[in-house]
Amino acid sequence: MHGLEAKLSWPGFKGEFRADDLILDLLPESRAALLDAGVVPSDADAALDVIRQRVRLGPTGAAWQKENFSGDWQLLVRRYREKALSGLPVHMW
């Protein structure tokens with residue numbers, strides 16, 4: 001309902017945080033976990049960079065749908081599918 005502005009709590013952190021701030025704070029820990037799981041550092045960095053960019057720029061699939069809905073559900077789904085199959089992350093649509 002509130003997207004990246006939602007207030008969340010997380011084990012080991014006191015209080016509530018905006019989702020975007022929490023995600024960014026957890027990226028170093030996420031990288032370490034990926035490396036511990038055997039993910040190649042360049043792959044981990046590339047994936048986490050997509051997350052970092054999406055959080056900083058803010059767009060989500062739901063936001064894209066709201067901005068691009070013209071009253072035609074079939075057109076929206078077709079366009080969303082095309083974008084998803086492009087391989088580009090949502091923040092680059």
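**View 1. Glu5, before strand S1.** At 52% relative accessibility, Glu5 counts as exposed, where exposed means over 50% relative accessible area, buried under 20% and partly exposed in between, with a 1.4 Å probe and protein chains only. Glu5 belongs to the segment that precedes strand S1 (7-8). Helices (H or I, at least four residues) and strands (E, at least two) are DSSP runs, numbered from the N terminus. The C-alpha atoms of Glu5 and Gly58 are separated by 9.5 Å, although the two residues are 53 residues apart along the chain. The model shown here is predicted: local features need pLDDT of at least 70, side-chain atom pairs count only at pLDDT 80 or more, and totals for chains, interfaces and linings use all residues. Residues are numbered from 1 along each chain as its sequence is written, and side-chain values use heavy atoms, with hydrogens and water left out.

**View 2. Helix H1 beside helix H2.** Two packed helices are described by the angle between their axes and the distance between the axes. For H1 and H2 the angle is about 175° and the axes are 10 Å apart; axes are lines fitted to C-alpha atoms, for helices over the stretch in contact, and angles run from 0 to 180 degrees between N-to-C directions. H1 is therefore roughly antiparallel to H2, since angles over 145 degrees count as roughly antiparallel, under 35 as roughly parallel, 65 to 115 as roughly perpendicular and the rest as oblique. On the H1 side, the residues that meet H2 include Leu27, Ser30, Arg31 and Leu34, and their partners in H2 include Ala44, Leu48, Ile51 and Arg52. The residues of this contact divide into 10 nonpolar, 1 polar and 4 charged. Here Ala, Val, Leu, Ile, Met, Phe, Trp, Tyr, Cys and Pro count as nonpolar, Asp, Glu, Lys and Arg as charged, and the others, Gly among them, as polar.

**View 3. Asp20 and Val55.** Asp20 lies in helix H1 (residues 19-36) and is buried, with a relative accessible area of 11%. Not counting residues up to four places away in sequence, Asp20 touches Leu4 and Val55, contact meaning heavy atoms within 4.5 Å. Val55 is part of helix H2 (residues 41-57) and, at 9% relative accessibility, counts as buried. Neighbours within four places in sequence aside, Val55 is in contact with Leu4, Asp20, Ile23 and Leu24. Val55 and Leu24 are 31 residues apart in sequence, and 7.6 Å apart in space from C-alpha to C-alpha.

**View 4. Helix H3 crossing helix H4.** The axes of H3 (residues 61-68) and H4 (residues 73-85) come within 11 Å and cross at roughly 140°. H3 is therefore oblique to H4. The contact is made by Gly61, Trp64, Gln65 and Asn68 of H3, together with Leu76, Arg79, Tyr80 and Lys83 of H4. By class, this contact has 3 nonpolar, 3 polar and 2 charged residues.

**View 5. Aromatic rings.** The count comes to 5 aromatic pairs; rings of Phe, Tyr and Trp (its six-membered ring) pair if their centres lie within 6.5 Å, and planes under 30 degrees apart count as stacked, over 60 as edge-to-face and the rest as tilted. Phe69 and Trp73 form a tilted pair, 4.3 Å centre to centre with 40° between the planes. Phe69 is partly exposed, with a relative accessible area of 35%, whereas Trp73 counts as exposed at 58% relative accessibility. Trp64, Tyr80 and Trp93 form one aromatic cluster.
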